[in-house]
Number of protein chains: 4
Amino acid sequence: MARGVNKVILIGNVGGDPEVRYLPNGNAVANITLATSDSWKDKQTGQQQERTEWHRVVFFGRIAEVVGEYVRKGSKMYIEGRLQTREWEKDGVKRYTTEIVVDIGGQMQLLDGKPQGGEQGMAPRPQQQRPAQQPAQRPAQQAPQQSAPQQPAPDYDSFDDDIPF
Amino acid sequence: MARGVNKVILIGNVGGDPEVRYLPNGNAVANITLATSDSWKDKQTGQQQERTEWHRVVFFGRIAEVVGEYVRKGSKMYIEGRLQTREWEKDGVKRYTTEIVVDIGGQMQLLDGKPQGGEQGMAPRPQQQRPAQQPAQRPAQQAPQQSAPQQPAPDYDSFDDDIPF
Amino acid sequence: MARGVNKVILIGNVGGDPEVRYLPNGNAVANITLATSDSWKDKQTGQQQERTEWHRVVFFGRIAEVVGEYVRKGSKMYIEGRLQTREWEKDGVKRYTTEIVVDIGGQMQLLDGKPQGGEQGMAPRPQQQRPAQQPAQRPAQQAPQQSAPQQPAPDYDSFDDDIPF
Amino acid sequence: MARGVNKVILIGNVGGDPEVRYLPNGNAVANITLATSDSWKDKQTGQQQERTEWHRVVFFGRIAEVVGEYVRKGSKMYIEGRLQTREWEKDGVKRYTTEIVVDIGGQMQLLDGKPQGGEQGMAPRPQQQRPAQQPAQRPAQQAPQQSAPQQPAPDYDSFDDDIPF
DNA sequence: TTTT
DNA sequence: TTTT
């Protein structure tokens, strides 16, 4: 239940390959940064300006596994999540980090064009090692190592019971 | 799974008390109309103009039951759903009706102020009769017939396992 | 001014080349249909199901000209607009059509990959004929007939003073 | 122009009266914090949990003046803006603060019920002092000091040419 | 750190 | 710091 609405919608490019790890309970967590840019013409100088905004996005659960397998540096993505600010400490000083959380209730979608096939194509990456004694509740089907031509760009919303493609 | 994004976000006022009915499988369906308005000043005449847009919204499942119990004519609501156009026929002519569907994956929230208490307050309406042989999969807890002062305005997103307040 | 919120966000594929026309006041109008799809596995039969939703989208003003020049059948687009239902009559019978209106306050973005260059590339199409006596208030700069390699995918929000690329 | 989409939609309660100030160019800036809450039942303990998220929201321009006049501690608001992270320094250490920026292209709406009239009602607060030598480009019409019964809850989107009520 |  |  929510009192209020807390929704973030982003389309941008991924800054680096995702880092996926597993929580003690076996749930996957994936982190990426996503860039969105604005450009405008300065009213005074007439110069074209550009500003890139970097967003920290963290995925949980099944969607994190999909991100780990299919998202790469440079990928164009749609994501829908919620804002969350974490408190942490360094040298005894409190710091705050704001992230976009994408879990159940969120959504993601890869917007890159169709894979071209070949080794560069849309083949999923081999899955990260998961601690054997803590299996994920919803293990992903083992994906083939080699790309399939014409394999569609994956997308995901949290209500699927199956792998998203 | 979705290919693409199909999202509608509305805040408006409800045109009449919801109509709730039950599908053969026991799932609830609730229909409302929701009004949003725009006003602007006509550039030529300088006159203030106003246009009200009426939206057909249909809720399914547990959220439909909540709507049936708590939403009333005049309620101010936030809803998040998806567009769907149905085809139907009348006098041999095909017609189309576009609705906003709110089910799992959607969200709703009542934005009315605090209930004032008393008989006019936020007490849930008695539930509609449901066919006894087809119980809903997630029957709502029987709500009290009389209003409780300070009872919070209900809201709902589809991931709750319990009654929404 | 708005009382309420009326917002639609879509990502989908364009069903056909846009039709652009000009209003008597010189403003451009562009119409497209946009497909979004859902797929799911039927709980009873276990069969994979798919449903495609077709949305009527209408653009006004400068953004309509950009659509006319750059959007094509098959283009993948992000659009943000508002719902509007028009009443019309045929054979003395009232009909209703619901459209997503994208004008000032809305946004669109082409999500197709980089142009490949060459005749198939991202070169704008020649502009439609516009009635000479009714120049658009914000005429588009005449775009070159031939594609430029590396020309970026256009996007647009209504606050730009310049052509969007 | 934007490459990508950067959109935040919030409905929540305001944590304190807005602080309004004026930039050297005469533009108004208003800051608020907005609370959204989630509650859920812990799966292990069965305990009801609640988490409140506080969002920093900053308004620019005409919309900031409206916020300064009408928004108060406890107000329920809808806002639509974009994420922006600012870098600042304290004791030689870089810090980052993420805010939701609402300016042209954004939207806000007060969701509180109709004012009850009387001194507690929806009367605008007296406007802050503005440096006389740097008038705002779009000065607000001087609002009456006393409340009017039945005055509608103000709302605002950036495309209005007039005061928003 | 992405992308154009 | 809000709200329920």
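Select Arg3(A) and Glu50(D) in this predicted model. The two form a salt bridge, with the closest N and O atoms 2.8 Å apart. Between chain D and chain A the count is 2 salt bridges. The pair you have selected, Arg3(A) and Glu50(D), is one such bridge, well inside the 4 Å cut-off on N to O distance.

Across the interface of chain D and chain A, 12 residue pairs qualify, both partners at pLDDT 80 or more.

Now colour chain D by strand. Which strands each supply at least two residues of the side that touches chain A? They are β1 (2-3), β2 (5-14), β4 (28-41), β5 (48-60), β6 (76-90) and β7 (93-102) of chain D. Pick out β2(D) next: it gives the most to this side, with 7 residues.

Next, go to the strand pairing. Select β1(D) together with strand β4 (residues 28-41) of chain A. The two strands run antiparallel, and 2 bridges join them. Zoom in on Ala2(D), in β1(D): Asp38(A) stands opposite.

Finally, show the whole contact. Chain D brings 29 residues and chain A brings 28 residues. How much area do chain D and chain A bury between them? The value is about 2500 Å², with 42% of it on carbon and sulfur atoms.

How values were computed
Residues numbered from 1 in each chain as written. Chains lettered and ligands numbered in written order. Predicted model: local features only at pLDDT ≥ 70, side-chain atom pairs only at ≥ 80, totals over all residues. Heavy atoms only, no water. Contact = heavy atoms within 4.5 Å. Buried area = accessible area lost by both parts, 1.4 Å probe. Salt bridge = Lys/Arg side-chain N within 4 Å of Asp/Glu carboxyl O. Polar contact = N/O pair within 3.5 Å; in protein donor to acceptor, adjacent residues only side chain to side chain. Helix = DSSP H or I, 4+ residues; strand = E, 2+ residues; numbered from the N terminus. Pairing = 2+ DSSP bridges.
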